[in-house]
Amino acid sequence: MYKQLEIRWIDLNPTRGAETYKKRPCVILQADSVNVGSRTVIVAPILPGHKDWPFAVNVTPTKRNGLDKARHINLKQLRAVDVSRIDNRQGVLEQRYLDAIRDGLEVVFDL
């Protein structure tokens, strides 16, 4: 079973237009209770660099999250992916980012 806040490598291809593409680290956002037995998982891609967008969460690399450099979670590019696209675990995103993720999702969905 995949766990919420795990960072996993996910093959996002094939894509169309402006969708985030190629194999990338992504954070699993879907709740653990929904992940049980699910064939799809909701994820957000983690992209290089810091961004000042209201729907981006900037992440600093740590041993726990396994990231190699400053990156951002792009909450505007959420995707439900089949579990067959999910590969190796990179690390686990720290809980301290949860409030920023919630804030970014409020912006994306105008909640």
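1. Ile42 is in contact (heavy atoms within 4.5 Å) with Val27, Ile28, Leu29, Gln30, Arg79 and Ala80, leaving aside its neighbours within four places in sequence. Ile42 lies in strand 3, where helices (H or I, at least four residues) and strands (E, at least two) are DSSP runs numbered from the N terminus. At 35% relative accessibility, Ile42 counts as partly exposed; buried means under 20% relative accessible area, exposed over 50%, and partly exposed in between, with a 1.4 Å probe and protein chains only. Ile42 and Leu78, 36 residues apart in sequence, are 6.8 Å apart in space, C-alpha to C-alpha.

2. The model is predicted: local features need pLDDT of at least 70 and side-chain atom pairs count only at pLDDT 80 or more, whereas totals for chains, interfaces and linings use all residues. Residues are numbered from 1 along each chain as its sequence is written, and side-chain values use heavy atoms, with hydrogens and water left out.

3. The protein chain contains two helices and seven strands, in the sequence pattern β-β-α-β-β-β-β-β-α. Its radius of gyration, taken over C-alpha atoms, is 13 Å, close to the 13 Å that the globule rule gives for 111 residues, so the chain is as compact as a globular protein of that length; the rule is 2.2 Å times the number of residues to the power 0.38. Along its principal axes, the C-alpha trace spans about 35 × 35 × 25 Å.

4. Buried residues account for 41% of the 111 residues in the protein chain. Of the contacts between residues at least 6 apart in sequence, 59% join residues at least 24 apart.

5. A nonpolar core is a set of buried Ala, Val, Leu, Ile, Met, Phe, Trp, Tyr and Cys residues joined through side-chain atoms within 4.5 Å. The largest such core has 16 residues, of which Leu5, Val27, Ile73, Leu75, Leu93 and Ile101 touch the most other members. Strand 3 (40-48), strand 4 (56-59) and helix 2 (98-109) each supply at least two residues of this core. A second, separate core of nine residues includes Ile10, Leu12, Val43 and Val81.

6. Not counting residues up to four places away in sequence, the residues that Leu5 touches include Val27, Leu93 and Ile101. Others among them are Ile28, Gly91, Val92, Gln95 and Leu98.

7. Arg71 lies in strand 5 (residues 71-74) and, at 11% relative accessibility, counts as buried. Beyond its neighbours within four places in sequence, Arg71 is in contact with residues including Ile46, Leu47, Pro48, Gly49 and His50, and also with Val57, Asn58 and Val59.
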